[in-house]
Amino acid sequence: MAGNRSEPDLTAPQAELLPVHDIPARGREPEDGIGLCLSGGGYRAMLFHAGAIWRLNDARYLPRLRRVSSVSGGSFTAGVLGLHWHELAFDDGRATNFVERVVAPIRGIAGRTIDAPAIAAGVLLPGSVSSRIIDTLDDHLFHGATLQDLPAEPPRFVINATNLGSGVLWRFSRPYMRDYRVGEIRNPTVSLAQAVAASAAFPPFLSPVELDLSGHTFEPGSGHDLQAAPYTRRAELSDGGVYDNLGLETVFKRYRTVLVSDGGGQFDPDPDPANDWVRHMLRVLQTIDNQVRSLRKRQLIGAYRAGIREGAYWGIGSDIADYRPAPPGLLPAPHERTMVLARVATRLAKVSKELQDRLINWGYAACDAALRTHVDATLEPPTGYPYPGSAV
């Protein structure tokens, strides 16, 4: 478990909301294996996660992953990693072409604003905002790929959205897409662009993404209580972070070792919240998001401390000075500098090259500190930042 100043206080009364002793799912003990969770947070999170995965690659952890679970901005990173997984040239557990195959496409989309043009076109022209996001992702990132282009072997990539009809997670993966209340569709051919767009459809502007289910066949009896029309004909999907903004659930319920990369932005107090309905609603949504994230994090940290799960959490709001005992060779990351990165707006808007460097560097450094403090103290320290000229 990684220490940072934004961790919840488990001695506080609200900690009682999550009974840690009841965490194992369905009475089943967790499997041995490592799962990686990538949170939401727009391009800010996408780039932070790219740095974290870069460090996992250098630490030779990528081939050890059994599952990668993502929401929202984290699904951009996961989608690119999953699509290009079969192209990675692993040598002694490290992909030597990781930057070319994974980082370069992520940086390419980070240099393009896709939210504002889609919103403007959706308001002024026929067609939805989400359809324009999907087309842009397909043109510039996924190039016609479907869920069937994700790896057949571990790690399994699970891209999470929220089904507004059933009120629970909708999971996209290669072997199936499912909602435990509505049911399961085997071997879906939904485009990777649509799955990622649904996962990143943050309300109110990019949500919902409508998923047409009329041409799909549900496995009989696979839904708990909603396997009937209209739920089986279409799904109105919103950002996966509405339900689980750490992408935690699908990993936590199955695996013993849980790694969580949290690129969620800093939630600051506002002494004068706006009263107009647009800005007021945005503040309400931010408050809800902060509470969901806090509850999920409290569950995770509680499980680490209780010995129910192993692993590490690192966040964009973490203070590297709080990792104790500090492993040797931590990369310098002054908290006042990293907090500037934590306050980058949650947008799908163009990020300058220098800011991209810094976000990737901070993800790399934060992951390194968490791994070597709480998972494997024998790992060699990094030789430097991925982009040493930019630091954080």
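1. Basis of the note. The model is a predicted one, in which local features need pLDDT of at least 70 and side-chain atom pairs count only at pLDDT 80 or more, while totals for chains, interfaces and linings use all residues. Residues are numbered from 1 along each chain as its sequence is written, and side-chain values use heavy atoms, with hydrogens and water left out.

2. Overall fold. The chain holds 11 helices and 12 strands, where helices (H or I, at least four residues) and strands (E, at least two) are DSSP runs numbered from the N terminus. For 392 residues a compact globule would have a radius of gyration near 21 Å, and the 20 Å of this chain agrees with that; the radius is taken over C-alpha atoms, and the globule rule is 2.2 Å times the number of residues to the power 0.38. The C-alpha trace spans about 55 × 50 × 50 Å along its principal axes.

3. Among contacts (heavy atoms within 4.5 Å) with a separation of 6 or more, 77% come from residues 24 or more positions apart.

4. Aromatic pairs. The whole structure contains eight aromatic pairs, a pair being rings of Phe, Tyr and Trp (its six-membered ring) with centres within 6.5 Å, called stacked if the planes are under 30 degrees apart, edge-to-face if over 60 and tilted for the rest. Trp54 and Phe98 make a tilted pair, because their ring centres are 6.3 Å apart and their planes stand at 55°. This pair links distant parts of the chain, with Trp54 in helix α1 (residues 42-58) and Phe98 in helix α3 (residues 98-110), 44 residues apart. Trp54 is buried at a relative accessible area of 11%, and Phe98 is also buried, at 2%. Trp54, Phe98, Tyr364 and Tyr387 form one aromatic cluster.

5. Charges over rings. Arg107 lies over the face of Tyr387, at 4.8 Å from the ring centre, and the charged end of Arg309 sits over the ring of Phe252, 4.5 Å from its centre. The criterion is NZ of Lys or CZ of Arg within 6 Å of the ring centre and within 35 degrees of the ring normal.

6. Salt bridges. Side chains of opposite charge can pair when their charged atoms come close. The whole structure has 19 salt bridges, each defined by a side-chain nitrogen of Lys or Arg within 4 Å of a carboxyl oxygen of Asp or Glu. Arg254 and Glu31 meet in one of them at 2.8 Å, N to O; Arg254 lies in the loop between α8 (249-252) and β11 (255-262) and Glu31 in strand β1 (residues 31-38), so this bridge ties together parts that are 223 residues apart in sequence. Arg254 is partly exposed at 26%, as is Glu31 at 32%. In the pair of Glu184 and Arg186, with 2.5 Å from N to O, Glu184 is buried at 12%, whereas Arg186 is partly exposed at 47%. A network of salt bridges links Arg171, Asp244, Glu249, Lys253 and Arg296.

7. Asp368, in helix α11 (residues 353-374), is buried at 0% relative accessibility. Leaving out residues up to four places away in sequence, Asp368 touches Arg55, Leu330 and Pro382.

8. Backbone points to check. Most residues other than glycine have a negative phi, and most peptide bonds are trans. The bond from Ala229 to Pro230 is cis, with omega near 5°, and Pro230 lies in the loop between β9 (209-212) and β10 (234-239). Another cis bond joins Arg324 and Pro325, with omega about -5°. Asp92 has a positive phi, near 55°; this residue lies in the loop between β3 and β4 and is exposed at 61%. Asn187 likewise has a positive phi, near 45°, and is exposed at 51%.

Notes. Buried < 20%, exposed > 50% of the residue type's maximum accessible area, 1.4 Å probe, protein only.
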